[in-house]
Amino acid sequence: MTDLARLQLATLPLLQWFGEHRRDLPWRKERTPYTVLVSELMLQQTRVEAVKERYTEFLRRFPTVEALAAADEEAVLKAWEGLGYYSRARNLHKAAKIIAREGFPQTWVGVRALPGVGDYTAGAISSIALGLKTPAVDGNVVRIMTRLLADPAKAGDSGAKKRFSELLAAVYPEEAGEFTEALMELGAIVCVPNGPPMCGACPWSTLCKANLEGRETEFPQREEPKKRRVVYLNVYVLKAGEKFALVKREEGLLGGLYGFPAEETEEGAPGRTFGSLLAVKRAKHIFTHIEWRMTGYLFAVPKELEGYLWATREEIGEKYALPSAFRAFRKWTE
Ligand code: ADE
């Protein structure tokens, strides 16, 4: 059987299964192109559980694309706090300004041209918000496709993404958005990435080549693990009375956000000294390509040093978006 023929047989059972088993997620309730844009940008590289907690609150704060377009960047970043990868928030803000001016794009190409929208997200938004037959192929969809077809592609293989996109585009049903989410859902709750897939609960169990051959755990074939660059940082939490020193981070990782003063350092090199040292703590934060190994120093200083923004515990809680990377040291301000 050809891959295309197998995929054609797989479409209807997947849609039926999704109709019965779809998770009740906040962004699946009332949908507009704007809410789809918000949810799909939030869901990039971020777990459904984390997005669930923030999505509704974000839309309460910015209920329409006009409201978001008119907001201050600081407020948008604040509402994004905890979700990480803050360039997404800035891109969403820029996209809202474009849409408020020009209207929501009506084609995949138009959606793809919005800031922060890559091929995958353009496929998801175009199908879910506009009903276009545009696949959204990420690592999860590559995984379920490699199993369905017993295909040798590796998970991060961009050639495979393109090939699977073309195959999927040829079988997309009229219920385009449903189909996009059904593919995601199968990868999220049945054909899972960690541990063995739950083939007993799968609508594709009698079609799936890997399952039929008893090789479901062999796909997708393994990749060389990615090496993360390790960066050592000294992080200073300076306390003057009730206030703490913050700096606005320049461009680069977490650029534009507030953080504690920090500097890149060599492994094991001692930190600077400010007033009296109250505590030292190590913490790690893992980004996609970089790992921060931080040593945090809590200092009491006699007065508010120049060159910093001094904020109270309440202001840090409410006004300044402090990235999750610094979470371990935030406790010192509480
Ligand atoms: N991941 C990306 N988009 C999603 C969606 N609409 N539903 C569930 N998971 C997703």
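Q: What is the volume of the largest cavity?
A: In this predicted model, a cavity is a set of points on a 1 Å grid over the protein atoms alone where a 1.4 Å probe fits but cannot get out, its lining residues having an atom within 4 Å of a point. Points are joined across faces, edges and corners, and a volume is the space filled by probe spheres set on them. For the largest cavity, the volume comes to about 110 Å³.

Q: Which residues lie closest to the centre of the largest cavity?
A: Residues are numbered from 1 along each chain as its sequence is written, and side-chain values use heavy atoms, with hydrogens and water left out. Local features need pLDDT of at least 70 and side-chain atom pairs 80 or more, whereas totals for chains, interfaces and linings use all residues. The lining of the largest cavity holds 14 residues, and those closest to its centre are R147, C191, C199, C202 and C208.

Q: Which helix gives the most to the lining of the largest cavity?
A: Sorted by class, this lining has ten nonpolar, two polar and two charged residues, where Asp, Glu, Lys and Arg count as charged, Ala, Val, Leu, Ile, Met, Phe, Trp, Tyr, Cys and Pro as nonpolar, and the others, Gly among them, as polar. With three residues, the element that gives the most to the lining of the largest cavity is α9.

Q: How much space lies in the second largest cavity?
A: The search of the whole structure finds two cavities of 30 Å³ or more. The second largest cavity is lined by E74, L77, K78, G256, L257, Y258, K319 and A321, with helix α5 (residues 73–80) giving the most, three residues. The space in the second largest cavity is about 40 Å³.

Q: Which element gives the most residues to the lining of the largest pocket?
A: A pocket, unlike a cavity, is an open set of points with protein on both sides within 12 Å along at least five of seven lines, and the largest pocket holds about 1300 Å³ of space. Its lining has 41 residues, with L43, Q44, Q45, T46 and R47 nearest its centre, and α2, α3 (48–61), α8 (119–130), α9 (139–149), α11 and β5 (276–286) each give two or more of the lining residues. The element that gives the most, with five residues, is α11.

Q: Which residue has a side-chain N or O atom 2.6 Å from a nitrogen atom of the ligand?
A: The space taken by the ligand is the largest pocket, and the residues around the ligand, those with a heavy atom within 4 Å, are W27, R28, E40, L43, V48, Y120, E181 and M184. A ligand nitrogen is 3.3 Å from a side-chain N or O atom of W27, and a ligand nitrogen is 3.1 Å from such an atom of R28. The distance of 2.6 Å belongs to E40.

Q: How much of the area that the ligand exposes when taken alone does the protein bury?
A: The shell around the ligand has five nonpolar, no polar and three charged residues, and both α2 (33–43) and α11 (176–189) supply at least two of its residues. Taken alone, the ligand exposes 260 Å², an area found by the Shrake-Rupley method with a 1.4 Å probe. Of that exposed area, the protein buries 91%.

Terms used
A polar contact is a pair of N or O atoms within 3.5 Å; within protein, one must be able to donate a hydrogen and the other to accept it, and residues adjacent in sequence count only if both atoms are side-chain atoms. A molecule sits in a cavity or pocket if more than half of its atoms lie within 2 Å of its grid points. Helices (H or I, at least four residues) and strands (E, at least two) are DSSP runs, numbered from the N terminus.
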